[in-house]
Amino acid sequence: MQVSSLNEVKIYSLSAGRSLPEWLSDRKKRALQKKDVDIRRRIELIQDFEMPTVSTKIKVSRDGQYIMAVGTYKPRIRCFDTYQLSQKFERCLDSEVVTFEILSDDYSKIVFLQCARFVEFHSQHGHYYKTRIPKFGRDFSYHYPSCDLYFVGASSEVYRLNLEQGRFLNSLQTDASESNACDINPVHFLFAMGTAEGKVECWDPRTRNRVGLLDCALSSVTADTEIDGLPSVSALKFDGALNMAVGTSTGQVLLYDLRSSNPLIVKDHHYGLPIKSIQFQHQLDLIISADCRIIKMWNKDTGKIFTSMEPEYGINDVCLYPNSGMLMTANEAPKMSIYYIPVLGPAPKWCSFLDNLTEELEENPETTVYDDYKFVTRQDLENLGLAHLIGSSLLRAYMHGFFMDIRLYHKAKMMANPFAYEEYRREKIRQKIEETRAQRVQLKKLPKVNKELALKLIEEEGEEQQVTRKRKQKNLPSLLKDDRFKVMFENPDFQVDEQSEEFRLLNPLVSKISEKRKRKLKLLEELEAQEQEEEEEPEGKASDAESSESSDDEKGWVEEVRKQRKLLRQEEKVKRQERFKEDQQTSLKPQFFEIKEGEEFRSFKDSAKKQKLMKKTLGDRLKLEETLGTLNVCDTTVGSKQATFKLKKSEQQKKQQEAEKQHRQERKTLRRSASHLKSKRGSGRLFH
């Protein structure tokens with residue numbers, strides 16, 4: 001993909017680069033892509049977007065899905081589907097196509113005007129009908145309200161073919177000997193035709209009468225233009241209801257307001273070549289005019305140049321993709337060109353990735369480098385003694401300096417500065433010294449609190465950075481730079497106690513590693529104090545000590561664990577002896593205990609019994625409970641064991657049960673005595 005810029009407008013050529021032959025196999029194409037950088041970097045937006053020899057016309061359907069192009073040789077039409085980014089169909093024709101028109105929203109209705117006076121109609125399946133006009137045609141337009149085709153060509157008549165009735169209607173008789181271009185206004189359907197005499201005739205299709213005449217040949221001649229003959233009209237295009245652009249055969253573009261016979265702006269291409277295409281860009285109010293050599297974009301109000309493009313091959317037609325910044329051209333070459341200009345508008349939805357691609361290219365611009373030339377300023381030339389070469393062929397002026405041959409520059413520099421090698425040698429020695437300094441222990445500012453922890457985190461970060469570089473991962477944020485953990489390295493309350501049992505038993509090699517870090521901390525402090533003296537000392541001692549210690553750690557980590565445990569036991573023994581001495585020195589005093597209400601004090605023997613019972617195994621306790629009657633173990637029918645427990649009752653519960661039992665007995669005796677008295681009274685009444 002080539003990028004060009006004019007007036008700070010970037011133009012991306014999407015079809016630049018070599019194309020591979022069709023007869024090559026996929027394997028050979030892949031091999032060529034691996035070898036050739038240009039082929040690998042090319043962008044093939046639409047597959048096989050080309051013609052066998054030459055493309056003459058290119059158009060886009062109204063729905064924007066299909067791009068159609070005609071070309072030779074052999075005469076053919078190719079339809080490309082933008083949704084599939086490939087060719088949909090190809091149809092060969094009997095003769096070359098002068099121009100064509102898409103009547104429907106898609107590719108289902110197409111009309112071709114051919115050079116052999118044929119008019120060919122195609123439907124969705126292919127060829128539909130062919131007819132012939134009396135004279136050779138050069139252009140035609142379709143009048144939608146009446147379904148009429150207006151043909152202009154090598155005749156003074158304008159032929160009308162009605163597609164609804166399927167027959168020719170009465171032709172329009174004009175004053176011109178020949179006509180080259182025609183167009184119909186999309187708003188009020190005024191028909192305009194450009195003649196070989198340089199005039200534009202406007203006709204009303206409703207009355208079939210001429211309603212206006214413009215002399216463009218006379219208006220195109222200004223004081224700055226040089227013409228060899230009478231300019232004729234070669235292109236014609238309406239814009240809205242009132243504006244019309246006319247292109248002449250001498251390279252001028254005239255913008256008219258239909259209410260005036262004088263042009264608003266006359267724009268000259270300065271090549272003297274006939275204008276072949278005119279397009280309107282409404283977002284920026286631009287007119288895109290093209291001859292066979294250049295495409296110019298200019299403001300329709302001021303005539304100021306916006307940008308321009310000069311393709312490698314001759315231009316036959318230009319097509320602007322609707323509502324986007326994409327421009328397509330039919331060329332005098334097999335490959336049809338595609339340009340993308342982000343300033344004109346966004347990329348079409350079927351190739352929206354172009355926006356991201358161009359944004360990345362704009363963020364990382366590539367500078368142009370000339371390998372065989374050296375850019376020098378005027379001051380550089382004076383220093384080299386080559387100021388007398390200004391104006392000669394050895395220097396080429398560019399911006400604020402000159403380009404000169406790199407071999408001449410080296411020779412002149414050797415003569416002007418013979419001691420350049422000594423300077424180069426000193427520079428190399430200095431670079432070597434800087435490299436060796438970089439291998440030394442780097443001075444790092446450590447916090448006041450938890451210095452060893454900070455050193456450990458710095459070492460782990462270095463290891464993680466090496467791993468992430470290999471795996472191409474993102475680096476994680478550092479704890480030292482995180483504000484959430486800032487207090488841990490500032491407040492002394494967060495100081496790690498290395499003498500605690502938890503810290504010493506956390507890892508068997510922590511002590512060895514801490515020793516290494518302590519040595520490193522001492523080394524850093526010495527370096528901070530004696531920075532200048534340390535530069536003269538021999539290097540590499542710290543790394544040797546570390547490597548030997550790491551090998552000792554791998555061999556004797558078991559001994560380190562044993563040593564730590566012995567130290568802990570000794571410390572515990574010392575603590576016990578100190579406690580025992582303190583207990584002996586202290587005098588024992590009687591202690592009093594308070595008993596809650598409702599409880600009886602028995603003795604300290606019950607608590608001793610409970611402690612002895614808790615020390616026994618589960619089996620012994622179960623046997624004891626079986627003898628006491630609180631546990632009953634029996635076998636079930638399935639083969640398993642079933643155990644039932646009886647909860648032990650407290651003395652208070654026993655007293656309560658005894659009181660309830662005594663109360664029941666008293667009630668029984670009362671009932672019996674009451675029943676006995678009733679029986680006695682009944683018997684006494686009977687005797688009376």
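The protein chain holds 16 helices and 34 strands, taken as DSSP runs numbered from the N terminus (helices H or I, at least four residues; strands E, at least two). The model is predicted, so local features need pLDDT of at least 70 and side-chain atom pairs count only at pLDDT 80 or more, while totals for chains, interfaces and linings use all residues. Residues are numbered from 1 along each chain as its sequence is written, and side-chain values use heavy atoms, without hydrogens and water.

Of the 688 residues in the protein chain, 33% are buried (under 20% relative accessible area; exposed is over 50%, partly exposed in between; 1.4 Å probe, protein chains only). The chain exposes about 47,200 Å², and carbon and sulfur atoms supply 50% of that area. Among contacts (heavy atoms within 4.5 Å) with a separation of 6 or more, 45% are between residues 24 or more positions apart.

Rings of Phe, Tyr and Trp (its six-membered ring) pair if their centres lie within 6.5 Å; planes under 30 degrees apart count as stacked, over 60 as edge-to-face and the rest as tilted. The count by this rule is 11 aromatic pairs. Two of them are listed below.

| Pair | Centre to centre | Angle between planes | Class |
|---|---|---|---|
| Tyr 321 and Trp 350 | 5.9 Å | 65 degrees | edge-to-face |
| Phe 375 and Phe 403 | 5.5 Å | 70 degrees | edge-to-face |

Tyr 321 lies in the loop between β27 (315–320) and β28 (326–331), and Trp 350 in the loop between β29 (337–340) and α4 (353–363), so their pair ties together parts 29 residues apart in sequence. Both Tyr 321 and Trp 350 are buried. Phe 375 belongs to strand β30 (residues 373–377) and Phe 403 to strand β32 (residues 401–405), so this pair ties together parts 28 residues apart in sequence. Phe 375 is partly exposed, at 28% relative accessible area, whereas Phe 403 is buried, at 13%.

Ring pairs also link Tyr 66, Phe 89 and Tyr 107 into a cluster.

Lys 300 sits in the loop between β25 (295–299) and β26 (305–309). Lys 300 is buried, with a relative accessible area of 17%. Its side chain makes a polar contact of 3.3 Å with that of Asp 239 (a pair of N or O atoms within 3.5 Å; within protein, one must be able to donate a hydrogen and the other to accept it, and residues adjacent in sequence count only if both atoms are side-chain atoms). Leaving aside neighbours within four places in sequence, the residues in contact with Lys 300 include Asp 239, Asn 243, Leu 255 and Asp 285.

Technical notes:
Accessible areas come from the Shrake-Rupley method with a 1.4 Å probe; for residues, only the protein chains shown count as cover.
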